[in-house]
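Visitor: Could you take me on a close look at one part of this model, the nonpolar core, and show me what surrounds it? I would like a connected account that I can follow residue by residue.

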Amino acid sequence: MNTVEVSNLTKIYESPYKKRRVTALKDFDLKVSEGTVFGLLGPNGAGKTTLVKILLGIVFQTLGSAKVLGKNISNHEVRKQIGYLPENHKFPPYLNGEDVLRYVGRLSGVSKQKIDQRTGELLALVKMDKWRKTKVKKYSKGMMQRLGLAQALINDPTLLFLDEPTDGVDPIGRKEIRDILVRLKNEGKTIFINSHLLSEVELISDRVAILNKGELIREGTVEDLTTDKETYSISLATEITEDIIKEVLPEFSVDKITSHGFELKVNNEEELNICIDKLRATGLMIKSIVHVKMSLEDMFISLINESDKAKNE
Amino acid sequence: MNNVFEITKQTIREAFARKIFIMFAGISSLILILFAVAFASIGLEDLSGSIQVETGQNRGVMEEVVGGIKLFIVVPLFGGGLFLSIFSASSFIPNMLEKGSIDVLLSKPISRAQIIHGKFLGGTFVVFTNIAYLVLGIWLLIGLKFGVWDPSFLITIFTITFAFAVLYGLIILIGILSQSSILAMMLTYLIFFILSPILNMREQILLLSDNKVLEIILDILYYIVPKTSELGSITSDLAVGGSLYDYQPIFTSAIFLILTLALSIIIFSKKDY
């Protein structure tokens with residue numbers, strides 16, 4: 001089952017008197033399966049937060065449709081099963097940590113007994129039980145993030161939207177939040193993360209979508225996206241020089257040549273086999289052939305650059 | 001209903017936290033102390049003695065004196081009470097709409113209409129409680145001092161709260177449109193202190209000019225703008241045991257309240273945050 005289903009979603013922000021129009025999302029399609037950790041990546045202004053806000057009914061779409069947990073997003077009752085940690089969230093400054101969870105719990109339609117039970121559990125989970133009676137106006141950014149995560153979980157949601165969940169959190173705290181998310185994933189919850197911290201998204205996400213200027217430019221598993229299917233790293237047992245390789249494979253794109261290997265860019269497997277044949281025919285001993293893997297960050301930068309370049313042309 | 005109650009409760013809590021309740025209660029207590037001191041300094045025996053000698057109708061004249069005192073209290077109570085109420089309630093909506101706060105609120109299973117209803121009820125309850133404290137306190141002081149326990153004075157609790165509710169509808173609407181507490185406060189003061197009194201005198205103004213356009217404009221504005229000035233007069237009349245002879249100001253002000261709240265809900269329900 002798809003937890004989130006978005007079809008042809010378009011959002012255009014218009015200034016008063018329609019003097020200025022900004023397209024935040026354009027014909028956006030997306031499906032997120034149940035029980036997955038889905039990472040939404042993109043530079044600032046790509047439309048990530050707009051998408052989440054549309055799914056939560058905070059912002060209204062201009063065109064298209066969206067369903068969350070099988071229900072239309074205009075049905076506010078569906079939010080009983082959703083948890084949300086907004087970016088730069090604020091809670092009433094006069095409440096303490098415990099009060100925030102009680103207040104949010106009651107608004108989420110959670111029973112009093114359940115709130116009593118979950119308040120203690122969640123504050124312990126995010127390591128905020130020591131500060132439960134401290135007013136939130138005294139909290140640091142990291143403490144606010146931890147409390148924000150706890151409030152997003154108060155209704156034991158099926159679907160969790162997290163917008164920059166580790167923003168302002170120290171490395172140990174980030175690891176703890178990651179562990180919590182992994183635990184939630186193992187409990188079968190669907191987690192939707194917006195983040196700039198690509199390395200973190202890479203560590204916990206099953207699938208990733210990349211947005212740029214309101215358009216979906218790539219979507220897939222982290223493995224798929226970080227594996228460059230057209231580039232192979234060929235390692236040789238024989239010592240080589242750049243001249244040798246260029247002489248053996250004059251018509252192919254080769255890069256990063258070292259004394260025992262190089263990277264080969266081909267269009268298909270047939271071309272790869274032709275290269276292998278040529279190398280072997282020259283007497284060069286092949287040690288290994290592997291797909292080149294990029295970090296999510298490298299892939300992200302390369303995709304965004306390509307997308308910007310294509311748009312400028 | 002639970003959601004409305006929760007937002008109402010949170011608004012009251014916000015009023016406590018922002019010292020609105022304490023400020024109100026402090027000013028009310030100060031007024032009550034001043035009245036207590038003033039009443040204590042009036043020699044009632046001398047006063048009633050002189051009245052008896054002069055008229056022989058002590059009871060009736062005492063009620064006249066009390067009526068005068070009530071009128072002396074009600075006019076500043078209505079104006080001052082509403083002035084403070086508008087000042088304190090103008091920030092409820094802009095605070096709620098602050099980035100970061102509104103995201104948390106709107107992501108919960110609660111309709112936007114319920115949020116507006118909760119905010120309205122919370123703000124009105126805060127003002128009602130404070131007005132009730134002050135009016136009840138004055139009524140008790142008058143009763144204890146003069147022995148006159150006329151409950152009609154207590155009606156002012158409801159008329160002042162009603163006048164506030166009408167203006168609060170406007171505060172909510174401007175708050176949603178502009179997200180500015182200053183603008184909401186200024187426009188409401190403009191209606192309360194300038195526009196409503198001017199429109200209340202429109203017949204006198206029109207005696208000075210036979211301009212038909214002006215007459216139409218003043219008439220239209222008169223029926224649109226809440227009639228806080230006339231609600232003040234009604235409050236004064238009711239406080240001294242008078243009867244309500246004209247329902248029109250109450251009726252049209254109530255319509256204004258319903259329309260501003262409905263418009264607030266419609267705009268709030270369509271706005272992106």
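Guide: Happy to! Let us begin with the term itself: a nonpolar core is a set of buried Ala, Val, Leu, Ile, Met, Phe, Trp, Tyr and Cys residues joined through C-beta atoms within 7 Å. A residue counts as buried here if 20 or more other C-beta atoms lie within 10 Å of its own. Please keep in mind that this is a predicted model.

With that in hand, the largest nonpolar core has 128 residues. The residues with the most contacts inside this core are A:Leu55, A:Val68, A:Ala150, A:Phe192, B:Leu167, B:Ile171 and B:Ile172. Helix H8 of chain B gives the most to the core, with 14 residues. In soluble globular proteins, nonpolar side chains tend to be buried together.

Let us start with A:Leu55. Leaving aside residues up to four places away in sequence, A:Leu55 touches A:Val4, A:Ala66, A:Val68 and A:Ile73. Two of these partners meet again in a sheet: A:Val4 has A:Val68, in strand S4 of chain A, as its bridge partner. The strands involved are S1 (residues 2-14) and S4 (residues 63-68) of chain A, which pair in the antiparallel sense over five bridges. Strands of a sheet pair through backbone hydrogen bonds, either parallel or antiparallel.

Stepping back, the open sheet has four strands in the order S2-S1-S4-S5 (chain A), with antiparallel pairing. Strand S2 (21-33) and strand S5 (71-72) of chain A are at the edges, and each has a single partner strand, so one side of each lacks a neighbour in the sheet.

Between S4 and S5 of chain A runs a loop, and A:Leu69 has its place there. Phi of A:Leu69 is near 50 degrees, a positive value in a residue other than glycine. Most residues other than glycine have a negative phi. A:Leu69 counts as buried because 21 C-beta neighbours lie inside 10 Å.

A:Glu164 counts as partly exposed because it has 19 C-beta neighbours inside 10 Å.

Now over to chain B and its helix H8. H8 (residues 155-178) packs with helix H12 (residues 228-239) of chain B at an angle of about 170 degrees, their axes 9 Å apart. The two helices are therefore roughly antiparallel. On the H8(B) side, the contact includes B:Ile155, B:Phe162 and B:Leu167, and B:Leu167 is also among the residues with the most contacts inside the core. From H12(B) come B:Leu231, B:Ile234 and B:Leu238, among others. The residues of this helix contact divide into nine nonpolar, four polar and no charged.

The surface between the chains has another make-up. Here 19 residues of chain B are in contact with 22 residues of chain A. Helix H1 (2-17) and helix H6 (101-106) of chain B each supply at least two residues of the side that touches chain A, and H1(B) gives the largest share, five residues. That side of chain B divides into six nonpolar, six polar and seven charged residues.

One last stop: a second, separate core of seven residues includes A:Tyr232, A:Ile234, A:Phe262 and A:Leu264. As for chain A overall, 38% of its 313 residues count as buried.

Terms used: Residues numbered from 1 in each chain as written. Chains lettered and ligands numbered in written order. Predicted model: local features only at pLDDT ≥ 70, side-chain atom pairs only at ≥ 80, totals over all residues. Buried ≥ 20, exposed ≤ 12 C-beta atoms within 10 Å, placed from the backbone. Pairing = 2+ DSSP bridges. Axes fitted to C-alpha atoms, helices over the stretch in contact; angles between N-to-C directions. Parallel < 35°, antiparallel > 145°, perpendicular 65-115°, else oblique. Contact = placed C-beta atoms within 7 Å. Nonpolar A, V, L, I, M, F, W, Y, C, P; charged D, E, K, R; others polar.
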